[in-house]
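Please examine the following model and read the explanation alongside it.

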Amino acid sequence: MTRIELDGERCVGSGACELLAPDFFEVGDDGVVAVLRAEPVERELRDVEEAVRQCPTRALALVPEQSPAPAG
Ligand code: SF4
């Protein structure tokens, strides 16, 4: 599983990510994007990857989800 990470300090509210993947990103009234869903499934990855690539300030990243540590 892959997870979207947002660095809100870097976001300038350009809206590029929202255009490319509107199910995942929405620019708020404060001019900073909100991540609507952080965990895209396989078939959604292409749009999200493109949104991450197109962010002009590199505010977005896709990182592998940590698997839970084994108990004990
Ligand atoms: S593309 Fe980047 S800078 Fe633009 S709204 Fe999305 S996260 Fe913010």
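Is Arg-58 buried or exposed? The model is a predicted one, and in it Arg-58 has a relative accessible area of 59%. Because the cut-off for an exposed residue is over 50%, Arg-58 counts as exposed. Arg-58 belongs to the loop between H2 and strand E4, the latter spanning 60-64. Its backbone also deserves attention: phi is positive, at about 55 degrees, although the residue is not a glycine. As a rule, most residues other than glycine have a negative phi.

The wider fold can now be set out. The protein is built from two helices and four strands, and from the N terminus on these follow the order β-α-β-β-α-β. Along the principal axes, the C-alpha atoms fill a box of roughly 45 × 25 × 20 Å. The chain has 72 residues, of which 25% count as buried. Among the contacts with a separation of 6 or more, 58% come from residues 24 or more positions apart.

Glu-44 is located between strand E3 (33-35) and helix H2 (45-54). Its relative accessibility is 12%, so Glu-44 counts as buried. Once neighbours within four places in sequence are set aside, the contacts of Glu-44 are with Phe-24 and Arg-37.

The ligand site comes next. The ligand sits in the largest cavity, and 14 residues surround it, the closest being Cys-11, Ser-14, Gly-15, Cys-17 and Cys-55. Classified by type, this shell contains 10 nonpolar and four polar residues, with no charged ones.

The C-alpha atom of Gly-15 is separated by 41 Å from that of Ala-71, which is 56 residues away along the chain.

The cysteines at the ligand raise one last point. How many disulfides does a search of the whole structure find? The search returns zero. In general, a disulfide is a covalent bond between the sulfur atoms of two cysteines.

Key
Residues numbered from 1 in each chain as written. Predicted model: local features only at pLDDT ≥ 70, side-chain atom pairs only at ≥ 80, totals over all residues. Heavy atoms only, no water. Disulfide = S-S within 2.5 Å. Buried < 20%, exposed > 50% of the residue type's maximum accessible area, 1.4 Å probe, protein only. Contact = heavy atoms within 4.5 Å. Near = heavy atom within 4 Å. 1 Å grid on protein atoms, 1.4 Å probe; cavity = no way out; pocket = protein on both sides within 12 Å on 5 of 7 lines; lining within 4 Å. Sits in = over half its atoms within 2 Å of the grid points. Nonpolar A, V, L, I, M, F, W, Y, C, P; charged D, E, K, R; others polar.
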